[in-house]
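My entries follow in the order I made them.

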Amino acid sequence: MADKTDALLTDYYSGVIDTKILLRRAELQWRPHDDNAGIKSLNKHTRPLEDMLARYEADSILHELTKQRDAIKRLETTFSEETKQIVQMHYDRRERLSWVVISLRMNLSERTCRTYQKTFKDSVAQTFNELDIAV
């Protein structure tokens, strides 16, 4: 049975989180048309880059997505290359590999591959709880 951590890891390894971050940044860059287009204000400042960066920093959705992605990346570095490959093959839904195929590619038993994946998943869930990151 899949839970929220599984869904998050699937989104991360399938590239969905990166796509959501790019889409959110694109949404924040778009500004609605100004109703007073013909009227010039003397006190209006024009700092588009600073305004855009301020919108990025103030946006809670973008901030949460970035925290999720960065936390998984940091946690990934603490595991062996073998574990990273198993987790990536399991959660990347672009390939949809079964445990049999993963075990054959890694030259390990299915049970060992599942154990590596479970250990990684539990570490992600624990880290997210400790850092108070929404799953």
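**Entry 1: terms and ground rules.** I call a residue buried under 20% relative accessible area, exposed over 50%, and partly exposed in between, with a 1.4 Å probe and protein chains only. I note that this is a predicted model, in which local features need pLDDT of at least 70, side-chain atom pairs count only at pLDDT 80 or more, and totals for chains, interfaces and linings use all residues. Residues are numbered from 1 along each chain as its sequence is written, and side-chain values use heavy atoms, with hydrogens and water left out.

**Entry 2: Leu53.** I looked up Leu53 and found its place in helix α3. Helices here are DSSP runs (H or I, at least four residues), as strands are (E, at least two), and they are numbered from the N terminus. Leu53 has 44% relative accessibility, so I put it down as partly exposed. I then took the C-alpha separation of Leu53 and Arg25, which is 9.9 Å for residues 28 apart along the chain.

**Entry 3: salt bridges.** I count a salt bridge when a side-chain nitrogen of Lys or Arg is within 4 Å of a carboxyl oxygen of Asp or Glu. How many salt bridges does the structure hold? I found 12.

I looked at Asp3 and Lys121, whose side chains meet in a salt bridge at 3.4 Å, N to O. Asp3 lies in the segment before α1 (4-14) and Lys121 in helix α7 (residues 110-131), so this pair ties together parts 118 residues apart in sequence. Asp3 is partly exposed at 37% relative accessibility, while Lys121 is buried at 13%.

I went on to Arg24 and Asp59, which form a salt bridge with their closest N and O atoms 2.6 Å apart. This pair links distant parts of the chain, since Arg24 is in helix α2 (residues 16-29) and Asp59 is in the loop between α3 (48-58) and α4 (60-76), 35 residues apart. Both Arg24 and Asp59 are buried.

I also checked Arg94 and Asp92, whose salt bridge has its closest N and O atoms 2.9 Å apart. Are the two partners buried or exposed? Arg94 is exposed at 59% relative accessibility, and Asp92 is buried at 7%.

**Entry 4: nonpolar cores.** I take a nonpolar core as a set of buried Ala, Val, Leu, Ile, Met, Phe, Trp, Tyr and Cys residues joined through side-chain atoms within 4.5 Å. The largest one has 21 residues, of which Leu9, Tyr13, Ile72, Phe120, Val124 and Phe128 touch the most other members. α1, α2, α3, α4, α5 (81-91) and α7 each give two or more residues to this core. α4 gives the most, with five.

I listed the contacts (heavy atoms within 4.5 Å) of Phe120. Leaving aside neighbours within four places in sequence, Phe120 is in contact with Leu9, Tyr13, Leu75, Glu76, Phe79, Thr83 and Val87. A second, separate core has seven residues, including Ile86, Met89, Trp99 and Cys113.

**Entry 5: α4 and α7.** I found α4 and α7 packed at an angle of about 130°, their axes 11 Å apart. Axes are lines fitted to C-alpha atoms, for helices over the stretch in contact, and angles run from 0 to 180 degrees between N-to-C directions. The two helices α4 and α7 are therefore oblique to each other; angles under 35 degrees count as roughly parallel, over 145 as roughly antiparallel, 65 to 115 as roughly perpendicular and the rest as oblique. Among the residues that meet here are Ile72 and Leu75 in α4, and Phe120 and Val124 in α7.
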